[in-house]
Amino acid sequence: MTFHSGKATYVETVSLNIKDLNRSLEFYTKTIGFSVLKQDETYAELTADGDNVLLILNQVDKERTHPRSAGLYHFALLLPERADLALMTMHLASKRIPLGSADHHVSEALYLDDPDGNGIEIYIDRAPEHWIWNNGQVHMVTEQLNAEDLLKDRPDPADFKGLPKDTVMGHVHLHVSELQKTDEFYIEGLGFEVILNFGGQALFMGSEKYHHHIAANIWNGLGAPASEKGSIGLDYFTVVYPTAEAMNLAADRLSALGFTANKEDGYISTQDPSGNHIRMQTQNRHN
C-alpha cells in the first residue's frame, strides 16, 4: 500500500488511556473486531493480524482534564477493500452504534467514538490514480457518503468475523494549539510534507504522497491546553521510519529546532508543541 511503501514514514500504533479496561476490551473486540495479543489487569495490546500491535489500551485513574484540549481527534483504521467497509457498516448498524460517515474523494469513511469518547475513523482509500492534485496539494472534501452504492451487495452482518488481517493504522488526526510550530515540528523536524493546507484550520501531512499519515487541526481553539499526562485520551503514537538513519536524522533535526528527542530502549521519545507524545522507531512489520 502507498503509505507502507519501502521509503514511507507512517504511523503504526496508537496508545490510548482509558477508564475501564474490561469495558474497552468488550468494545474493541466485539464491536471493532480487534484480537487481543497481550493483556494484564490494566493493559492490553490489540492486533488485526495476530502479529503487529495497532492499538494499546492503558487503564488510568485520571479523567479528561479539559473538554477542548489538544490531543486525539481520531485514529483511523484503514481496511483493505471496499467490501470490508460495507460489511463493517452493516455490522456496526446491527449493533446500533451511532455512526457518522463521509466521502473525502480520496477515501470513504465511517466515524464513531469509543466508550471514553476517543474518536475512531474506519475507512478505505480510493485508488491513488483517481486522486486529484492541484499545485502539489491533494483534493480532499467532506461530502455525503453514498451508502446506497456502498451497501448495494447487501452484506450480511452475521458474516463479520473481525477486522481483516490486512487492516493497518492509516493515520492519526490531532487537536493542536496552533499550526505554525506544528508545521515546523512535523515537516522540518519529523520529515513529513504538507499534502493539504485546509484553509489555515488544519494541516494534512504525509509521506510518499499519501493523502495523510498525520493531520492536525485547531478546531478546539487556538491555544488549546495540552492534555494532562496520564489522563483519558491519547497516550502516544508511533511514527515508523524506513531506516535507523532516517530516524536519527529526524531526531537531529528536532533537536536543532529546539524540540526534545530522547533516546529510549528501542525508540526515540518526543512531543509536539501541543504536548502530543510520539515514539519514533524503525520498521518492524513482517511485510
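This is a predicted model: local features need pLDDT of at least 70, side-chain atom pairs count only at pLDDT 80 or more; totals for chains, interfaces and linings use all residues.

I began with Leu54, which is buried, with a relative accessible area of 1% (buried means under 20% relative accessible area, exposed over 50%, partly exposed in between, with a 1.4 Å probe and protein chains only). I found Leu54 in strand S4, residues 53-59 (strands are DSSP runs of E with at least two residues, helices runs of H or I with at least four, numbered from the N terminus).

Residues are numbered from 1 along each chain as its sequence is written, and side-chain values use heavy atoms, leaving out hydrogens and water.

**Cores**

Next I looked up the nonpolar cores (sets of buried Ala, Val, Leu, Ile, Met, Phe, Trp, Tyr and Cys residues joined through side-chain atoms within 4.5 Å). The largest has 63 residues, and Phe75 and Met280 are among those with the most contacts inside it. A second, separate core of 15 residues includes Leu78 and Tyr210.

I also checked Thr182, in helix H4 (residues 180-189). Thr182 is buried, with a relative accessible area of 0%. Leaving aside neighbours within four places in sequence, Thr182 is in contact with Val176, Ala216, Pro273 and Ser274 (contact means heavy atoms within 4.5 Å).

**Salt bridges**

Then I counted salt bridges (a side-chain nitrogen of Lys or Arg within 4 Å of a carboxyl oxygen of Asp or Glu), and the total came to 11. Lys19 pairs with Glu63, their closest N and O atoms being 2.9 Å apart. Lys19 lies in the loop between S1 and H1 and Glu63 in the loop between S4 and S5, so this pair ties together parts 44 residues apart in sequence.

Arg23 and Asp116 form another salt bridge, at 2.8 Å from N to O. Arg23 sits in helix H1 and Asp116 in the loop between S7 and S8, 93 residues apart. I noted that Arg23 is partly exposed at 37% relative accessible area, whereas Asp116 is buried at 11%.

Last, I looked at Asp149 and Lys152, whose side chains meet in a salt bridge at 4.0 Å, N to O. Salt bridges that share partners join Arg82, Asp103, Glu108, Arg126, Asp149 and Lys152 into one network.
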